[in-house]
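Please open the model in a viewer and keep the selection tool at hand.

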Amino acid sequence: MFWKVWTINFKLTALLTLIASISIFIYLFFPAKLEKQALSAIVDKSQSIAKLTAFTIGPGVYFEDMDAVNDGLAGISQNKDVIHVWVLNSK
């Protein structure tokens, strides 16, 4: 009933406002969500690489076998996502 008394100018303005609001929401929401998912994936992968590194070279560090440590680091360096590896001994 109210739709019939509204002018065409008001209808078009309301429609364009609705479309603009939806467009702005999509423009802001989805990139932020994708960035959050990407950061979560990076954190998960880095934790996996850290655990793999500790498992691979841990015994070599404990027994001070540098050949085992170098072999483990050589295998880890094949991963394209690894740039630096720090190995710290708590002794």
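The model on display is a predicted one.

**The whole chain**

Begin with a cartoon view of the entire chain. It shows three helices and zero strands, and the order of elements from the N terminus is α-α-α. The radius of gyration is 28 Å, well over the 12 Å that the globule rule gives for 91 residues, so the chain is more spread out than a compact globule. Along the principal axes, the C-alpha atoms fill a box of roughly 85 × 20 × 15 Å. Colouring by accessibility comes next: 10% of the 91 residues count as buried.

**The charged side chains**

Now select the charged side chains. There are 8 positive and 7 negative ones, and the centres of the two sets lie 28 Å apart. How many salt bridges does the structure hold? The structure holds one. To view the salt bridge, select D81 and K45, whose side chains meet at 2.3 Å, N to O. This pair links distant parts of the chain, as the two residues are 36 residues apart. K45 belongs to helix α2, residues 8-62, whereas D81 lies in the segment after α3, the helix that covers 66-76. Both partners can be inspected in a surface view: D81 has a relative accessible area of 40% and is partly exposed, and K45, with 42%, is likewise partly exposed.

**The nonpolar patch**

Next, select I8, L12, L15, L16, L18, I19, I22, F25, I26, F29 and F30 and display their surface. Together these residues make a nonpolar surface patch of about 1,100 Å². Within this selection, centre the view on F30, a residue of helix α2.

**The segment after α3**

Finally, return to the segment after α3 and select I83, which is found there. I83 counts as exposed, since its relative accessibility is 71% and the limit for that class is over 50%. The C-alpha atoms of I83 and I26 are separated by 35 Å, and the two residues are 57 residues apart along the chain.

How values were computed. Residues numbered from 1 in each chain as written. Predicted model: local features only at pLDDT ≥ 70, side-chain atom pairs only at ≥ 80, totals over all residues. Heavy atoms only, no water. Helix = DSSP H or I, 4+ residues; strand = E, 2+ residues; numbered from the N terminus. Rg over C-alpha atoms; globule rule 2.2 N^0.38 Å. Buried < 20%, exposed > 50% of the residue type's maximum accessible area, 1.4 Å probe, protein only. Lys, Arg positive; Asp, Glu negative; His and termini not counted. Charge placed at Lys NZ, Arg CZ, Asp CG, Glu CD. Salt bridge = Lys/Arg side-chain N within 4 Å of Asp/Glu carboxyl O. Patch = residues over 30% accessible without salt bridge, like charges linked within 9 Å, V, L, I, M, F, W, Y side chains within 5 Å. Areas by Shrake-Rupley, 256 points an atom, 1.4 Å probe, with all protein chains shown as cover.
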